[in-house]
Amino acid sequence: EVDKIRTYLNDRAVGHVLIKEGVKLDNPIVATYATTKDWTKLGARSQLDIAIGYQANKYIGVPLIEKSQTANYRASWGAKANCTSYSASDVVMVTGNRSSNQLGRELLKQHFEREYKPLLDAAVKAGAKILCGNDGDTDDLTRQYLTELGSDLQLTSAGYYEATNPASVAVVAPASPVTHRINLVQPSQSFQECEPEMSLGG
């Protein structure tokens, strides 16, 4: 899988540097790394996220830990992050925090129930395509929930999962509010109406 990701990124990078002077790459994930960073020296997950970022036009990611890559991604996506409305033409990237000593699996699951499920419900109901990674934790919870909703998940040649949605899916009701949270991020500040797509035509 690493070789597939490297081939995929090499087709889109310039001399292994994410951005060179005068070259604009439309990928909000790239903006979270130093513009002169050699992507071959990034971790495999960072490379995978960059690959997904080239395909997506919206993002779902709600950090439980403020100083995290999920928080960086959300900030970089700006008005295209954590939208309350989607369309069938949208391609949505989903990432999130991983469990750790500070962030247990059960707390992560509660957070997913509260923050991610309503966003995924909206995206699936609209027929949007959803992209997520191949890790555990938030990636795993996302894949499980999409399967419950009836989405068809396929592992792409670049190493991430692509979920396509049936025309009609029964969406479950939101879970009860979380009663236990860690301290840095306030709940439910992320849902927003996304700015309309800008037309480049005349």
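Helix H2

Author: Helix H2, residues 44-55, is made of 12 residues and reaches 18 Å from its first C-alpha to its last, close to the 16 Å expected at 1.5 Å a residue. The expected span is 1.5 Å times one less than the number of residues in the helix. Helices (H or I, at least four residues) and strands (E, at least two) are DSSP runs, numbered from the N terminus.

Reader: What should I know about the model itself?

Author: It is a predicted model, in which local features need pLDDT of at least 70 and side-chain atom pairs count only at pLDDT 80 or more, while totals for chains, interfaces and linings use all residues. Residues are numbered from 1 along each chain as its sequence is written, and side-chain values use heavy atoms, with hydrogens and water left out.

Reader: Back to H2: how many of its residues are buried?

Author: H2 is mostly covered, with 10 of its 12 residues buried. Buried means under 20% relative accessible area, exposed means over 50%, and partly exposed lies in between (1.4 Å probe, protein chains only). The buried residues of H2 are Arg-45, Ser-46, Gln-47, Leu-48, Asp-49, Ile-50, Ala-51, Ile-52, Gly-53 and Tyr-54.

Reader: And the chain overall: how many helices and strands?

Author: There are 5 helices and 5 strands in the chain. Their order from the N terminus is α-α-β-α-β-α-β-α-β-β. Of the 202 residues in the chain, 45% are buried. Contact means heavy atoms within 4.5 Å; among contacts between residues at least 6 apart in sequence, 70% join residues at least 24 apart.

Reader: Now the helix pair H4 and H5. At what angle do the axes cross?

Author: The axes of H4 (residues 105-126) and H5 (residues 138-148) cross at roughly 45 degrees and come within 10 Å. Axes are lines fitted to C-alpha atoms, for helices over the stretch in contact, and angles run from 0 to 180 degrees between N-to-C directions. H4 and H5 are therefore oblique to each other. Angles under 35 degrees count as roughly parallel, over 145 as roughly antiparallel, 65 to 115 as roughly perpendicular and the rest as oblique.

Reader: Which residues make that contact?

Author: On the H4 side they are Arg-105, Leu-108, Lys-109, Phe-112, Tyr-116, Lys-117, Leu-120, Asp-121 and Val-124. H5 contributes Thr-138, Asp-140, Leu-141, Thr-142, Gln-144, Tyr-145 and Leu-146. By class, the contact of H4 with H5 has 8 nonpolar, 3 polar and 5 charged residues. Here Ala, Val, Leu, Ile, Met, Phe, Trp, Tyr, Cys and Pro count as nonpolar, Asp, Glu, Lys and Arg as charged, and the others, Gly among them, as polar.

Reader: What do the buried residues of H5 pack against?

Author: They pack against H2, E2, H4, E3, strand E4 (152-155) and E5. The buried residues of H5 include Asp-139, Thr-142 and Arg-143. After H5 comes Gly-150, with a positive phi near 95 degrees.

Reader: Which residues other than glycine have positive phi?

Author: One of them is Asn-82, with phi near 55 degrees. Asn-82 sits in the loop between helix H3 (69-77) and E2, and Asn-82 is buried, with a relative accessible area of 0%. Asp-137 also has a positive phi, of about 55 degrees. Asp-137 lies in the loop between strand E3 (129-132) and H5 and is buried at 13% relative accessible area. For context, most residues other than glycine have a negative phi.

Reader: Turning to the strands, is Val-94 buried or exposed?

Author: Val-94, in strand E2 (residues 91-94), counts as buried at 0% relative accessibility. Its contacts beyond four places in sequence include Ile-60, Tyr-116, Cys-132 and Thr-142. The C-alpha atoms of Val-94 and Cys-132, 38 residues apart along the chain, are separated by 5.1 Å.

Reader: And where is Glu-162?

Author: Glu-162 is in strand E5 (residues 161-164) and is partly exposed, with a relative accessible area of 24%. Beyond four places in sequence, Glu-162 touches Lys-129, Ile-130, Leu-131, Asp-152, Leu-153, Gln-154 and Thr-156. The C-alpha atoms of Glu-162 and Lys-129 are separated by 7.0 Å.
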